[in-house]
Amino acid sequence: MKLEIALLAGDGIGPEVIEQAVKVANAVAAKFDHNITWNSALTGAAAIDAVGEPYPDETHEVCLKADAVLFGAIGHPKFDNDPSAKVRPEQGLLKMRQKLGLFANVRPTFTFPSLIDKSPLKRERIEGTDLVFLRELTGGIYFGKRGREDNGNTAYDTCTYTRAEIQRLAKKGFEMAMSRSKNLCCVDKANVLESSRLWRETVQDMEKDYPEVTVSYEFVDAVAMRLVQWPNDYDVLITENLFGDILTDEASVISGSMGLMPSASLGEKTSLYEPIHGSYPQAAGKDIANPLATVLSAAMLFDDKGLKDEAAAIRKVVNKSLAEGVVTEDLAEGGKSYKTSEVGDWLASNL
Ligand code: IPM
Ligand code: MN
């Protein structure tokens with residue numbers, strides 16, 4: 001297969017972890033006889049510094065014509081500490097999601113047998129945990145009407161959803177449930193919010209089209225609690241943008257390391273793959289960041305292109321590196337640790 005992939009390394013550790021994912025993907029391509037072309041483009045603080053804009057039009061063009069986008073991370077402390085900054089790296093992320101129509105953010109949480117004791121949760125609670133959130137990504141309070149009134153002394157952000165937006169996200173959720181355990185949980189706050197009541201009504205209407213799927217409806221506060229008490233009760237969860245932002249950070253901790261969880265953002269035309277972790281500026285340039293979440297994001301990319309054996313090969317070699325202790329310092333527990341680039345090299349040559 002010929003694949004053209006847009007490569008958006010971004011800020012902080014983004015370039016380093018992306019480089020390892022490229023090594024591994026190229027090794028997969030060589031082994032399975034595929035042809036990958038990588039097209040790099042600017043995003044985030046790096047793009048602001050270069051052209052004054054965190055998601056430049058040229059970058060958008062590169063993404064639009066690609067078969068998929070592989071993304072590192074964006075964000076830089078010099079913007080976080082400056083509330084008056086006119087442009088911020090995060091605006092680039094939101095613009096990119098909106099312009100590429102990346103409406104469904106797929107964020108899995110699973111455990112690795114060799115790392116189970118690194119989780120802050122007890123082994124018996126999380127053994128076998130394998131769940132996936134589908135977070136709506138281009139609507140809700142992130143993109144609703146916002147502003148100030150009363151001479152700046154009152155502020156508001158609004159959460160708006162259309163039935164169509166809910167349906168297209170829920171459809172992905174039902175389909176994913178069909179391919180897994182056929183259990184779907186719709187997370188909302190329908191006891192308080194009108195937008196949540198529309199979510200619930202819409203998903204209820206769709207149940208008849210998927211008679212094999214068992215749907216549960218739970219309030220977001222209860223899910224926040226049960227997720228860390230009984231993560232194995234969940235399989236596929238669908239939810240709106242802000243609830244999903246919060247719950248997926250919570251869920252990512254279950255696995256024991258933020259450095260391990262991949263994600264996909266599915267769009268109507270192209271889709272984007274990125275690690276869940278952020279730009280981790282303290283580690284930037286030090287060759288110490290864990291590249292596995294990005295490598296596993298590349299596996300999700302292959303999976304979505306129907307290249308299941310290729311994705312499985314990546315997961316297998318990642319598991320092997322963990323089992324054999326070829327890990328970056330965050331996972332080394334004082335034992336021997338490897339550099340980011342060494343882990344990438346090892347994965348590529350052991351594939
Ligand atoms: C995420 C991040 C972003 C979000 C920020 C950086 C805008 O937290 O991808 O979850 O809130 O969506
Ligand atoms: Mn977040």
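Two strands pair if DSSP finds at least two bridges between them. Helices (H or I, at least four residues) and strands (E, at least two) are runs assigned by DSSP and numbered from the N terminus. This is a predicted model, in which local features need pLDDT of at least 70 and side-chain atom pairs count only at pLDDT 80 or more, while totals for chains, interfaces and linings use all residues. Residues are numbered from 1 along each chain as its sequence is written, chains are lettered from A and ligands numbered from 1 in the order in which they are written, and side-chain values use heavy atoms, with hydrogens and water left out.

**View 1. Strand β1 and its two partners.** Strand β1 (residues 2-10) pairs with β2 in the parallel sense, over six bridges. Within this pair, L3 has I36 of β2 as its bridge partner. Between β1 and β2 the chain passes through helix α1 (residues 14-32), in a β-α-β crossover that is right-handed (with the strands pointing away from the viewer, the path from the first strand over the helix to the second runs clockwise). Five bridges join β1 to strand β3 (residues 68-73), also in the parallel sense; here A6 stands opposite V69 of β3.

**View 2. The open sheet.** Ten strands form an open sheet with mixed pairing, in the order β2-β1-β3-β12-β11-β4-β5-β10-β8-β9. At its edges lie β2 (35-40) and β9 (214-219), each of which pairs on one side only. From one strand to the next the twist averages 25°. Strand β4 (residues 102-110) and strand β11 (residues 262-267) run antiparallel and are joined by four bridges, with N105 opposite S265 in β11.

View 3. Contact here means heavy atoms within 4.5 Å. Axes are lines fitted to C-alpha atoms, for helices over the stretch in contact, and angles run from 0 to 180 degrees between N-to-C directions. Helix α9 (residues 220-229) packs on the sheet and touches β5 (130-136), β8 (183-188), β9 and β10 (236-239); its direction makes about 100° with that of β9. Helix α10 (residues 241-254) also packs on the sheet, touching β4, β5, β8 and β10, and its direction makes about 155° with that of β5.

**View 4. The contact of α9 with α10.** These two helices pack at an angle of about 10°, with their axes 10 Å apart. Helix α9 is therefore roughly parallel to α10 (angles under 35 degrees count as roughly parallel, over 145 as roughly antiparallel, 65 to 115 as roughly perpendicular and the rest as oblique). V220, V223, A224, L227 and V228 of α9 meet F243, L247, E250, A251 and I254 of α10.

**View 5. The contact of α11 with α12.** Helix α11 (residues 292-304) packs against helix α12 (residues 308-323) at an angle of about 160°, their axes lying 7 Å apart. The two helices are therefore roughly antiparallel to each other. Among the residues of α11 in this contact are L292 and F302, and those of α12 include I314 and L322.

**View 6. The contact of α12 with α14.** The axes of α12 and helix α14 (residues 340-350) come within 10 Å and cross at roughly 125°, an angle that makes α12 oblique to α14. From α12, V317, V318, K320 and S321 meet W346, L347 and N350 of α14.
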